[in-house]
Amino acid sequence: MRFRTRLTLVLLTVVIISQLATGVAFLRATQNDALAKGNQRLEVGARVLDQLLDIRGEQLRDNVGILAEDFGFKSAVATKDTGTLYSVLANYGDRASADMVMLSDLDGNVLASSHHEQNSAMPFPGLFQRAQQTGSGVGVVIDNGEPYEFVLLPVRAPNLIGWVGMGFLINESVTEEINALTGLEISIVTYDANGDVNYLVSSHQEQLAMSLMNDTGNRLMEGAYTTRHQMSLDNDYLSYASTLMANQEYQSFALIQLSRDELLSAYSRLQWQLLSIVALMLLLTLAVALWSARSISKPLIALAQAAKLIGQGERIERISSGSSVKETHQLATTLLSMQEDIAKREATLLHQSRHDLLTNLPNRVSAFEDLQRFIQTGKPFTLLRFSITDFRDINDTFGYELGDHLLVTLAHRLQELPSPVMKAYRLDGDELMLVIGQADLDRRRREAMMEQISEPISLDKSLIMPSLSAGEVSYPTHGDSAHLLLRRSDIALDQARRHRRSHERYIEGQDEQHLRQLMLIRDLQDAVDNGELWMAYQPKVDTTTGNVCQFEALMRWRHPTLGFVPPDEFIGLAERSGNIGLLSDWMLAHVCEQLHLWKRQGHHLSVAINLSASDVIDPGLPMHIHELFESYDLTPDQLALEVTESAVMQDVDAATETLLALSQMGLKIAVDDYGTGYSSLAQIKRLPVDELKIDKSFVLKLDTQQEDLTIVRSTIEMGHLLGLRIVAEGVENSVSADILSQLRCDYLQGYWISKPMPADAITGWLEAFQPLQLSAASIN
């Protein structure tokens with residue numbers, strides 16, 4: 001939407017809202033005032049009705065009083081002369097213009113009445129009871145659905161001998177008189193217990209009166225017993241309802257009404273006048289808004305067009321705003337100044353987006369663009385990608401400031417390298433890269449380059465010898481795109497770091513291996529959820545008895561597309577990707593559940609499981625195992641733990657604390673793959689370890705390699721001196737088993753005894769197993 005249009009709409013909206021708010025408030029106040037005056041008129045009408053009924057009641061009271069004092073009437077009452085009583089009542093009723101006359105005895109039984117049978121019960125018990133209590137009774141009563149103003153007085157001669165009453169029907173004469181006095185429409189309506197109209201007189205036409213009764217009847221019926229007066233605004237009339245009388249059988253109301261059209265006629269005329277004024281104001285406002293919007297928007301549109309051109313990168317020398325307003329001129333000047341600042345800032349941002357802030361070397365984005373440009377030239381080149389070995393340890397030991405100094409120094413050295421080095425980059429963290437203008441980098445030149453880069457660096461008055469690993473790829477031999485070359489250089493560098501070598505050149509097939517590893521890491525979560533993992537169990541045999549003493553739980557994975565995945569492969573990937581905790585949790589729960597199942601089948605078995613480095617330093621592991629024991633009703637002798645030397649040595653203090661807590665729970669702990677790490681028996685002695693497992697690499701050729709025999713013999717002897725039991729894994733023939741038995745190795749494990757088996761095969765294998773017969777002769 002254009003600015004001019006929007007400004008016009010804003011001005012119009014403000015005026016319209018203000019005018020509407022003012023008009024609505026004024027009209028509402030006027031309407032409320034008209035309704036208030038109407039209510040006052042209705043209240044006056046109700047008071048007039050009450051006064052009229054009071055006046056007629058007093059007149060009737062006087063006439064009834066004269067009758068009650070008449071001597072002849074008293075004599076007739078005393079003698080119960082029925083004929084005389086009817087005659088007297090009729091004569092006095094006619095003289096008083098009464099519509100109903102009645103005489104009752106002291107108990108309320110009718111002696112004579114114009115409307116009721118002789119000896120019938122008092123038809124107005126409420127009024128009769130009030131007369132007995134106060135000496136007289138005046139009020140509205142309902143007889144056969146018709147309302148009467150009725151007066152009931154005592155007859156005394158001189159004692160009380162009866163009660164005489166007269167009443168007049170509240171009919172058209174009453175409504176017409178009220179209409180004549182107030183100009184208001186009035187209706188008298190009586191409902192029976194079913195809500196049907198039994199009696200209706202009105203100053204309206206009969207059809208109109210019935211319609212009004214139907215509109216307001218339900219409201220009157222609902223509130224008649226509790227509210228003397230009710231007021232409501234119907235579609236055509238403002239109504240005021242006054243309850244004349246109500247009991248369980250009938251309800252009678254006086255409905256006073258004022259025409260809505262009459263009441264609001266002045267309001268309607270005022271409404272049209274106000275609408276005319278608002279329409280005129282809107283036309284005037286529209287004209288002013290159009291003129292104002294044009295005068296304000298014209299210079300702003302010119303400035304907006306200039307800003308758009310600046311945003312598109314065009315250079316503007318002068319901006320003509322066409323306005324004499326000081327602020328507009330100042331804005332034009334500011335835009336020109338901003339144009340210069342943007343140009344400088346874009347140059348700075350472009351440099352920063354393509355360069356590393358610490359070393360000022362081109363970054364990964366710049367490297368990618370440069371490689372694409374080098375590839376377009378078609379000339380061969382080599383990428384040498386570096387990483388600093390143990391850079392994290394350098395930061396932790398010397399601090400990040402000195403770590404940054406190391407990176408800056410290496411960056412300077414890379415930039416100072418002579419031809420054929422073309423350009424140096426910092427890709428990320430501790431990774432640097434060189435582009436060398438040769439298809440192949442000969443070993444001598446590469447080693448000289450690495451030696452020059454790796455010269456000692458003074459850090460905090462100490463000389464640090466930086467150790468670098470390098471991955472090498474060549475164009476076009478290893479790829480014809482920047483993305484492929486960078487990925488394959490990363491793979492080569494990763495191979496160098498993993499094997500702790502200073503250099504690795506990319507070899508065909510490593511890409512597929514890398515993709516396989518990525519797939520396995522991605523699918524580990526699904527493997528747990530989809531039931532692709534399962535546990536195999538390999539038995540251990542006690543050399544003393546020849547019986548099975550324990551099983552080792554070994555995790556297996558059958559990938560849906562890759563098939564069987566070796567545990568050494570996927571467990572290592574899980575440790576590197578941070579998913580090992582997921583596998584450990586699954587393994588613990590699965591093994592404990594299997595032990596519980598075997599226990600229910602009558603087999604109290606013991607299983608050893610392998611812990612990862614992250615498991616060993618997890619302070620929550622003992623509590624987790626304790627909870628599993630409680631859930632599956634297991635005892636500590638049913639579960640043993642195996643940890644590798646390398647896992648323990650990553651954080652000896654944390655590992656010792658965790659293993660100590662597990663040992664205090666009664667769990668046996670073994671050091672797995674002993675002899676392949678960099679620990680010693682003296683270090684292991686500090687740990688709460690019960691067993692040592694000699695790595696199978698020393699056992700497989702024990703019967704043919706004298707060196708392996710010497711290592712195994714010394715390990716068993718030193719382990720026993722430290723109070724440790726020794727397990728030999730990789731036992732694959734009876735000769736090795738006899739040698740280990742003669743060397744007093746405590747437990748044997750290997751294919752000669754049994755291959756790892758699924759859980760459902762264990763019980764059958766145990767039943768068929770015969771204790772092994774091992775040679776006990778000592779080897780000197």
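Me: Which residue of S13 is the bridge partner of leucine 383?
Reply: The bridge partner of leucine 383 in S13 is valine 435. Strands here (E, at least two residues) and helices (H or I, at least four) are DSSP runs, numbered from the N terminus. This is a predicted model, in which local features need pLDDT of at least 70 and side-chain atom pairs count only at pLDDT 80 or more, while totals for chains, interfaces and linings use all residues. Residues are numbered from 1 along each chain as its sequence is written, and side-chain values use heavy atoms, with hydrogens and water left out.

Me: How many bridges join S11 to S13?
Reply: Strand S11 (residues 381-388) and strand S13 (residues 431-436) are joined by 6 bridges and run antiparallel. Two strands pair if DSSP finds at least two bridges between them.

Me: What is the order of the strands in the open sheet?
Reply: The order of the 5 strands is S12-S13-S11-S16-S17, with mixed pairing. Strand S12 (421-428) and strand S17 (503-505) are at the edges with a single partner strand each, so one side of each has no neighbour in the sheet.

Me: Which strands does H9 touch?
Reply: H9 packs on the sheet and touches S11, S12, S13 and strand S16 (468-475). Touching, or contact, means heavy atoms within 4.5 Å. The direction of H9 makes about 145° with that of S12; such angles run from 0 to 180 degrees between N-to-C directions, and axes are lines fitted to C-alpha atoms, for helices over the stretch in contact.

Me: At what angle do H9 and H13 pack?
Reply: Helix H9 (residues 364-377) and helix H13 (residues 482-498) pack at about 120°, and their axes are 9 Å apart. The contact is made by Phe368, Leu371, Gln372 and Ile375 of H9 with Ala482, His483, Leu485 and Leu486 of H13.

Me: Changing topic, how do H16 and H18 cross?
Reply: The axes of helix H16 (residues 580-600) and helix H18 (residues 621-632) cross at roughly 30° and come within 10 Å. The two helices, H16 and H18, are therefore roughly parallel to each other, a term for angles under 35 degrees.

Me: Is alanine 98 buried or exposed?
Reply: Alanine 98 counts as buried because its relative accessibility is 16%; buried means under 20% relative accessible area, with a 1.4 Å probe and protein chains only. Alanine 98 lies in the loop between helix H3 (82-95) and strand S1 (100-104). Not counting residues up to four places away in sequence, alanine 98 touches Leu60, Gly93, Met166 and Gly167.

Note on methods
Parallel < 35°, antiparallel > 145°, perpendicular 65-115°, else oblique. Buried < 20%, exposed > 50% of the residue type's maximum accessible area, 1.4 Å probe, protein only.
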